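Biologist: I would like a close look at the charged side chains in this structure. Please take them pair by pair, then show me what surrounds them.

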Amino acid sequence: QVQLVESGGGLVQAGGSLRLSCSASGRTFSSYGMGWFRQAPGKEREFVGGISGSGGSTRYADSMKGRFTISRDNAENTVYLQMDSLKPEDTAVYYCAAYLYGRYNLIVDNDYEYDYWGQGTQVTVSS
């Protein structure tokens, strides 16, 4: 069982930056691929990006490339989402999620492929 807790959300002006953190319980954090998803009001949850268990590989949704960066610190059981050049359309609840990386040995982007989810953190970007 893995418990995930996100933090770092808040209100930011367009063009600004935020860094979200996701802390995980458990001793085998590096066994899990981690993903970030977001859900805006009235919209489906969408993949933001993911990172492999070792942190050596990352993958991003096209609309986030160049603006968002995912990293992880396995010693601290934490994954990060650095968000730069934020836009009002980035407003959403952001979730981190985990899956056993060895199941696929690649970064997956479908929410049903993830086993554990955090409670989410709200990000609001004002224009």
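Which residue forms a salt bridge with D62, and how far apart are the closest N and O atoms?

Modeller: A caution first: this is a predicted model. The partner of D62 is K65, and their closest N and O atoms are 3.2 Å apart. D62 is exposed, and K65 is exposed as well.

That pair is part of a wider set. Searching the whole structure gives seven salt bridges. Take R38 and D90, whose closest N and O atoms are 2.8 Å apart. This pair links distant parts of the chain, 52 residues apart. R38 belongs to strand β4 (residues 32-39), while D90 lies in the loop between β8 and β9. R38 has a relative accessible area of 7%, so it is buried. D90 is at 0%, so it counts as buried too. Salt bridges also link R38 and D90 with E46 and R67 in a network.

Next, R45. Its side chain meets that of D111 in a salt bridge, 3.3 Å from N to O. R45 sits in the loop between β4 and β5, and D111 in the loop between β9 and β10, so the pair ties together parts 66 residues apart in sequence. R45 is partly exposed, with a relative accessible area of 32%. D111, at 27%, also counts as partly exposed.

R45 has a second contact. Its charged end sits over the ring of Y95, 5.9 Å from the ring centre. In one of them, the ring centres of Y99 and Y101 are 6.3 Å apart and the planes are at 45°, so the pair is tilted. Both Y99 and Y101 are buried. Y114 and W117 have ring centres 6.1 Å apart and planes at 55°, so this pair is tilted as well. Y114 is buried, at 5% relative accessibility. W117 is partly exposed, at 25%.

One more arginine: R72 lies over the face of F29, 4.3 Å from the ring centre. Now the strands. β7 (residues 68-73) runs antiparallel to β8, joined by six bridges. Here I70 stands opposite L81. The two strands form a hairpin with four residues between them, and N77 in the turn has a positive phi of about 55°. β8 also pairs with β3 (residues 18-24), antiparallel over six bridges. There, C22 has V79 as its bridge partner in β8. β8 (residues 78-83) is mostly covered, with five of its six residues buried.

Terms used: Residues numbered from 1 in each chain as written. Predicted model: local features only at pLDDT ≥ 70, side-chain atom pairs only at ≥ 80, totals over all residues. Heavy atoms only, no water. Buried < 20%, exposed > 50% of the residue type's maximum accessible area, 1.4 Å probe, protein only. Pairing = 2+ DSSP bridges. Phe/Tyr/Trp six-rings, centres within 6.5 Å; stacked < 30°, edge-to-face > 60°. Lys NZ or Arg CZ within 6 Å of the ring centre and 35° of its normal. Salt bridge = Lys/Arg side-chain N within 4 Å of Asp/Glu carboxyl O.
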